[in-house]
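These notebook entries set out what I looked up in one protein structure.

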Amino acid sequence: QVQLVESGGGLVQPGGSLRLSCAASGSISRISFMGWYRQVPGKQRESVAAITSGGDTNYADSVKGRFTISRDNAKNTVYLQMNSLKPEDTAVYYCNRLPFLDWGQGTQVTVSS
């Protein structure tokens, strides 16, 4: 089973940027749907962005125009470029495919001054 490892999180000031990476242990070229999700303690995990094998993308309304999802099949990696970050973007960010694999550890993003 492919395993996914998220990285790239950290502490950033409001208005700043981060780039998250999701490295897969196997090929993602045939995975038709990859997505980024986030979760705040006490709340349900929510979908943030998704990308198909054909490059079509979809975003939550709250991140449209600020976040960009991309995939590099040659590197078996999915990225999430996050710009103009807001305090409400603070969460643990996860990546996954459909159908879901076991969730990884995620990467913490904290937006605070």
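The entries below go from the whole chain to single residues.

**Entry 1. Basis**

I noted that this is a predicted model, in which local features need pLDDT of at least 70, side-chain atom pairs count only at pLDDT 80 or more, and totals for chains, interfaces and linings use all residues. Residues are numbered from 1 along each chain as its sequence is written, and side-chain values use heavy atoms, with hydrogens and water left out.

**Entry 2. The whole chain**

I looked up the secondary structure and found 10 strands and zero helices in the protein chain. Helices (H or I, at least four residues) and strands (E, at least two) are DSSP runs, numbered from the N terminus. Along the sequence, the pattern of the protein chain reads β-β-β-β-β-β-β-β-β-β.

I then looked up the dimensions. The C-alpha trace spans about 40 × 25 × 20 Å along its principal axes. The radius of gyration of the protein chain is 13 Å, which agrees with the value near 13 Å for a compact globule of 113 residues. This radius is taken over C-alpha atoms, and the globule rule is 2.2 Å times the number of residues to the power 0.38.

I recorded that 42% of the 113 residues count as buried. Buried means under 20% relative accessible area, exposed over 50%, and partly exposed in between (1.4 Å probe, protein chains only). The protein chain exposes about 6100 Å², of which carbon and sulfur atoms supply 45%. Such areas come from the Shrake-Rupley method with a 1.4 Å probe; for residues, only the protein chains shown count as cover.

For contacts (heavy atoms within 4.5 Å), I considered residues at least 6 apart in sequence. Of these contacts, 53% join residues at least 24 apart.

**Entry 3. The open sheet**

In what order do the six strands of the open sheet stand? I read the order as E2-E10-E9-E4-E5-E6, with mixed pairing. Two strands pair if DSSP finds at least two bridges between them. Strand E2 (10–12) and strand E6 (57–59) stand at the edges with a single partner strand each, so one side of each has no neighbour in the sheet. On average, neighbouring strands of this sheet are turned by 20 degrees against each other, direction ignored. The angles run from 0 to 180 degrees between N-to-C directions, and the axes are lines fitted to C-alpha atoms, for helices over the stretch in contact.

E2 and strand E10 (residues 107–111) run parallel and are joined by three bridges. Valine 12 has valine 111 in E10 as its bridge partner.

**Entry 4. Strand E3 and its partners**

I found that five of the seven residues of strand E3 (residues 18–24) are buried, so E3 is largely enclosed by the rest of the structure. Strand E1 (residues 4–7) pairs with E3 in the antiparallel sense over four bridges; here glutamate 6 stands opposite cysteine 22. E3 also pairs in the antiparallel sense with strand E8 (residues 77–82), over six bridges. Serine 21 has tyrosine 79 in E8 as its bridge partner.

**Entry 5. The disulfide**

How many disulfides are there? I counted one disulfide, taking the term as a pair of cysteine sulfur atoms within 2.5 Å. The disulfide joins cysteine 22 to cysteine 95, with S to S 1.9 Å. Cysteine 22 lies in strand E3 and cysteine 95 in strand E9, so the pair ties together parts that are 73 residues apart in sequence. The torsion about the S-S bond is about 60 degrees, so the disulfide is right-handed. Cysteine 22 counts as buried at 1% relative accessibility, and cysteine 95 is buried at 2%.

**Entry 6. Alanine 91**

I located alanine 91 in strand E9 (residues 91–97). Is alanine 91 buried or exposed? Its relative accessibility is 4%, so alanine 91 counts as buried. Not counting residues up to four places away in sequence, alanine 91 touches Arg38, Gln39, Val40, Thr107, Gln108 and Val109. Alanine 91 and valine 109 are 5.5 Å apart, C-alpha to C-alpha, and 18 residues apart in sequence.

**Entry 7. Backbone details in loops**

I noted a cis peptide bond between leucine 98 and proline 99, with omega about -5 degrees. Proline 99 lies in the loop between E9 and E10.

Asparagine 76, a residue other than glycine, has a positive phi near 55 degrees, and lies in the loop between strand E7 (67–72) and E8. Serine 84, in the loop between E8 and E9, is not a glycine and has a positive phi of about 50 degrees. The relative accessible area of serine 84 is 42%, so serine 84 is partly exposed.
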